[in-house]
Amino acid sequence: AGSYQIIDAQQISYGNKYQNVWGEAKLERLPKSDNNIGFLLSGAYCGLGYNQNDVKLTADFTYRNKRFDLSGGITNQLMEADYTMQNYRSFPFNWENRFSKISVLNWRASLSSRGLRHNFHVRFNQYLIANWVYFSAAVNPIQTTDILVVNTLEANKTFQLGIFRFEHQLNLQKANLNIVRLPELSGNIRYYLH
């Protein structure tokens, strides 16, 4: 597949229009039965425009069993920093930056049950991020030379009592650097009638 993007960035006394031309490919096999393996391979590349030479490669696999699904994967992405982090004009802020491309390596694993009335799901993600761009205490974008490591663990399960449903999702996340402020523990619960 291919895509063509036109992006118009307008700021006070400054405007810029740029274009991106992307090419992408995907190969997928879904697990067809129990004790079967599926996979997804995908890649995208920006050949022209603001995001020229950005690339994203992904490989995922799934093993399906009668009682559970086991899946995992890896993604490697090289991307230009956001346009407003590099070019911004307003009152009182004004900057023109040239940052190195941000590199993100993500690996993940998950386990989902298939044999319960309401199945559970557990997922782990780790992100290794180089050249991260963030706002400093002086409210200016800067780029770190340190490797940022973010770990996340997510678990969810639904319970049922008659017509009542109780959905629970818990998230644990931790970053090794305080330039990304994440809540270490968060959750989402929904109780409703069905």
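Q: Hi! What joins the side chains of Ser 71 and Ser 110?
A: Hello! In this predicted model, a polar contact of 2.5 Å joins those two side chains, Ser 71 and Ser 110.

Q: Nice. Where does Ser 71 lie?
A: Ser 71 is part of strand S5, which covers residues 68-79.

Q: And which residues does Ser 71 touch?
A: Leaving aside residues up to four places away in sequence, Ser 71 touches Phe 61, Thr 62, Arg 108, Ala 109 and Ser 110.

Q: Switching topic: which residues make up the largest nonpolar core?
A: There are 10 residues in all, including Ala 81, Met 85, Phe 99, Ile 102, Val 104 and Leu 148. Strands S8 (102-113) and S12 (148-161) each supply at least two residues of this core. Apart from it lies another core, of five residues, among them Ala 9, Tyr 14, Tyr 18 and Tyr 83.

Q: OK, now the loops. What is the phi of Asn 35?
A: Asn 35 has a positive phi of about 55°, although it is not a glycine. Asn 35 sits in the loop between strand S2 (14-29) and strand S3 (36-49).

Q: Why does Asn 35 count as exposed?
A: Because its relative accessibility is 53%, and exposed means over 50%.

Q: How about Asn 53, where is that?
A: Asn 53 is in the loop between S3 and strand S4 (55-64). Asn 53 also has a positive phi, about 70°, without being a glycine. With a relative accessible area of 39%, Asn 53 is partly exposed.

Definitions and conventions. Residues are numbered from 1 along each chain as its sequence is written. This is a predicted model: local features need pLDDT of at least 70, side-chain atom pairs count only at pLDDT 80 or more; totals for chains, interfaces and linings use all residues. Side-chain values use heavy atoms; hydrogens and water are left out. Helices (H or I, at least four residues) and strands (E, at least two) are DSSP runs, numbered from the N terminus. Buried means under 20% relative accessible area, exposed over 50%, partly exposed in between (1.4 Å probe, protein chains only). A polar contact is a pair of N or O atoms within 3.5 Å; within protein, one must be able to donate a hydrogen and the other to accept it, and residues adjacent in sequence count only if both atoms are side-chain atoms. Contact means heavy atoms within 4.5 Å. A nonpolar core is a set of buried Ala, Val, Leu, Ile, Met, Phe, Trp, Tyr and Cys residues joined through side-chain atoms within 4.5 Å.
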